[in-house]
Amino acid sequence: MKVEIDTFSGYRIYPSKGKLFVRGDNKIFRFANGKNESLFLQRKNPRKIAWTQVYRRMHKKGITEEVAKKRSRRTVKHQRGIVGADLNSIAARRNQSAQARLAARTAAIQKAKAEKKDKESKKEKKPATRAPVSTAPRVSKQQMKGGKGGR
């Protein structure tokens, strides 16, 4: 027994039932009843008519066996060393206590201040030497190039 499918609604059409409609371009349409044929000829969209199979399929209606939701993979966090610090040193810093971190910071600040002070004292000892002053007349870049500046 050959069961056809309704072109408009998607319902089954059993033998000796329904209508066959052949369009001018020889395309065949099968309808279960006059209602489906009428709606098709009115150019109604079966996706917008709630009782058709196409509508139900589009709007996920009447699916009996619930498909298990696709499990998404959990993102796994990896730790990598960065430039200038390997993973062990990063872990050691993280596990440091707050007091130790504060002490290291103050020591680094003091060291930087001491270095700056030494630099300043060295600068003061050295007298600044000036570049030899030339007695040649001052010439702009444009004049050097031979522009129309120095007539």
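Colleague: Why is Arg30 called partly exposed?

Modeller: Happy to explain, bearing in mind that this is a predicted model. The relative accessible area of Arg30 is 29%; partly exposed lies between under 20% for buried and over 50% for exposed, so Arg30 is partly exposed.

Colleague: What makes the pair Glu4 and Arg30 a salt bridge?

Modeller: The closest N and O atoms of the two are 3.3 Å apart, and the cut-off is within 4 Å, so the pair is a salt bridge. Glu4 lies in strand β1 and Arg30 in strand β4, so the pair ties together parts that are 26 residues apart in sequence.

Colleague: Which residues are linked with Glu4 in a network of salt bridges?

Modeller: Lys2 and Arg30 are linked with Glu4 in that network. The side chains of Lys2 and Glu4 meet at 4.0 Å, N to O.

Colleague: Why does Lys2 count as exposed, and Glu4 as partly exposed?

Modeller: Exposed means over 50%, and Lys2 has 61% relative accessibility, so Lys2 counts as exposed. Glu4 has 22%, which falls between the cut-offs of 20% and 50%, so Glu4 counts as partly exposed.

Colleague: How do you know that the side chain of Lys19 makes a polar contact with the side chain of Glu37?

Modeller: Their distance is 3.1 Å, and the limit for such a pair of N or O atoms is within 3.5 Å, so this is a polar contact. Lys19 sits in strand β3 and also touches Phe29, Arg30 and Phe31, among others.

Conventions. Residues numbered from 1 in each chain as written. Predicted model: local features only at pLDDT ≥ 70, side-chain atom pairs only at ≥ 80, totals over all residues. Heavy atoms only, no water. Helix = DSSP H or I, 4+ residues; strand = E, 2+ residues; numbered from the N terminus. Contact = heavy atoms within 4.5 Å. Polar contact = N/O pair within 3.5 Å; in protein donor to acceptor, adjacent residues only side chain to side chain. Buried < 20%, exposed > 50% of the residue type's maximum accessible area, 1.4 Å probe, protein only. Lists of a residue's contacts leave out its neighbours within four places in sequence.
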